[in-house]
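Reader: Could you walk me through this one? I'd like the cut-offs spelled out as we go.

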Amino acid sequence: MKAFSAGRITDAVCAICPEIEERIANGAAERNERRLWWELSTCVLSSQVPYPLACEAASAIDTAGHLFEPYCLPDLSDRLSETLRRPMTATGRSYRFPGARARQLAATKERITDRFGTLSGLLTMLDTPIAARNWLVDCAPGLGPKQASMFLRNSGFSYDLAILDRHVLNYMELTGLRAENSKPIATMREYRLGEESMRGHAHQLGFPVGILDWAIWIVMRVARTEEGARA
């Protein structure tokens, strides 16, 4: 990211944070069970997969209707796998990990149903962001701290958790919040330390950390595309 200075990137990030906040305020809707399962599915399915393809796969699962029903089907994993193996309508591509992600989603559905009844029930009973994230990381296969934080932000539950994906980590290196060429985050402790660093940075800039890293994700992707075009 040598083509852009840290100051220029940060200015661009701060410029779009209010737009994101306005979009959230204008688009605020009740968190219904169907939407929650779409968001959670997308977070599980987006690991090592392009985000648009993960969204399309989540929509295919949503159309089938297996996850947001109040019960857990005994053959849910097989049904999900069958759905994910079909070519996606928009791209014609098939999902990359149909069996593994189907098993993860089926296990998550079973555990949430047994413990809370519904995803809405989980968010009601685990009423703090940290408690909700900890449970998801510990009990929902396929959800690490990044994916769990993303689900809680995208569902509107909390904007006080950081989604430390590669774009945000690159931004942290660019701005000195993280040492250059740092090793990947491998433990929950390392994730929390990075999150606290981002939270302090967000506070200095005057935005919730969940809004700031959303803006960072947008700006860093655009900057990388522009840098590649110049090469």
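Author: Let me begin with a definition: a residue is buried under 20% relative accessible area, exposed over 50% and partly exposed in between, using a 1.4 Å probe and protein chains only. By that rule, 48% of the 231 residues of the protein chain count as buried. This is a predicted model, in which local features need pLDDT of at least 70 and side-chain atom pairs count only at pLDDT 80 or more, while totals for chains, interfaces and linings use all residues. Residues are numbered from 1 along each chain as its sequence is written, and side-chain values use heavy atoms, with hydrogens and water left out.

Reader: OK, and how many helices and strands does the protein chain have?

Author: There are 11 helices and zero strands, where helices (H or I, at least four residues) and strands (E, at least two) are DSSP runs numbered from the N terminus. The radius of gyration, taken over C-alpha atoms, is compared with a globule rule of 2.2 Å times the number of residues to the power 0.38. For this protein chain it is 18 Å, close to the 17 Å that the rule gives for 231 residues, so the chain is as compact as a globular protein of that length.

Reader: What box do the C-alpha atoms fill?

Author: Along the principal axes, they fill a box of roughly 55 × 40 × 35 Å. Taking a contact as heavy atoms within 4.5 Å, residues 24 or more positions apart account for 67% of the contacts with a separation of 6 or more.

Reader: Switching to charges, how many salt bridges does the count come to?

Author: The count comes to 10, with a salt bridge defined as a side-chain nitrogen of Lys or Arg within 4 Å of a carboxyl oxygen of Asp or Glu. One of them joins arginine 133 to glutamate 195, whose closest N and O atoms are 2.7 Å apart. That pair links distant parts of the chain, since arginine 133 lies in helix H7 (residues 129-139) and glutamate 195 in helix H10 (residues 188-205), 62 residues apart.

Reader: Are arginine 133 and glutamate 195 buried or exposed?

Author: Arginine 133 and glutamate 195 are both buried. Through shared partners, salt bridges join Arg133, Asp160, Glu195, Glu196 and Arg199 into one network.

Reader: And what does arginine 79 form a salt bridge with?

Author: Its partner is aspartate 75, with the closest N and O atoms 3.0 Å apart. Arginine 79 counts as partly exposed because its relative accessibility is 34%, and aspartate 75, at 31%, also counts as partly exposed.
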